Amino acid sequence: MAPNHSHCLSEDDIEIKVITQADSKRTWDLMGAYFFPDEPLTYSSEPRDELLVGKEFLLSNIDHGTCLKAVLKGTDEIVGLSICGPKGPDEAEHMQKEADAAGNTKWGTILNFLAKVERDANVYERYNVTKVLHVITTCVDAKMRGNNIGARLYNAAREMAIVKGYELLTADCTSFYSARIKEQLGWELVNVIYYKDYLDSDNKQVFRPHRPHECCKTYAIRF
């Protein structure tokens, strides 16, 4: 019998598994319900009524075998997930090209910011590494929050990265809450960009999320 959603879960109630292409629709649906509406870059940029962006890019990472899902044991219900993918030393340049191609769209606006985040963090040079895995998005079913699922997904990503021969695991935390989990897990703070300092060509603030989201923090953990 599946655990009742209204009760706190034990670690034994949750399994972490690799996301496969068969999970694509459910993965996207979970992000649509629990990631995009709470994601500071997404909900606080124009147009406000457009939330679902980057589908092709996000789901393409499934093919790397590095995306993880948290499922209720005894069922196949996905209650949390983490989209992770490899990134190369030219990631900032690649993202900037994608941003330029996307133009004056919400996705283009977000990619422009993330390209700057990538340039400023500069993890390949900073850590002198050759193989990096990046945690792109993480979300948990709202009914299941408070059960340490996010931390378990990050720890599972770390273990997977080590097994697959990565030297560094990174994440750009646009949310106060995701950054707090990384700090609790002992990740190293690499770089911070405050939203109030990120302006468009008209000198206007691009992202205006609700408190306590004030900045994007890049974290890394080396093996």
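Author: Contact means that heavy atoms lie within 4.5 Å of one another. The model shown is a predicted one. In it, the buried residues of helix H8 pack against helix H7 (149-163), strand E5 (168-173) and strand E7 (215-222).

Reader: Which residues of H8 are buried, and what puts them on the same side of H8?

Author: In H8, which comprises residues 176-184, the buried residues are Ser178, Ala179 and Lys182. Around the axis they cover an arc of only 100 degrees, and therefore they lie on the same side of H8.

Reader: Why is Ala102 called partly exposed?

Author: The relative accessible area of Ala102 is 21%. Buried requires a value under 20% and exposed a value over 50%, so a residue in between is called partly exposed. Ala102 therefore belongs to the partly exposed class. This residue is found in helix H4 (residues 91-102), and it touches Trp107 and Gly108, not counting residues up to four places away in sequence.

Reader: How do you know that the span of H7 agrees with its number of residues?

Author: The expected span is 1.5 Å times one less than the number of residues. For the 15 residues of H7 this gives 21 Å, and the end C-alpha atoms are 21 Å apart, so the two values agree.

Reader: What covers the buried residues of H7?

Author: The cover includes strands E1 (14-18), E2 (68-72), E3 (78-87) and E4 (132-140), together with E5 and H8. Among the buried residues of H7 are Leu153, Tyr154 and Met160.

Note on methods
Residues numbered from 1 in each chain as written. Predicted model: local features only at pLDDT ≥ 70, side-chain atom pairs only at ≥ 80, totals over all residues. Heavy atoms only, no water. Buried < 20%, exposed > 50% of the residue type's maximum accessible area, 1.4 Å probe, protein only. Helix = DSSP H or I, 4+ residues; strand = E, 2+ residues; numbered from the N terminus. Arc of directions from axis to C-beta.
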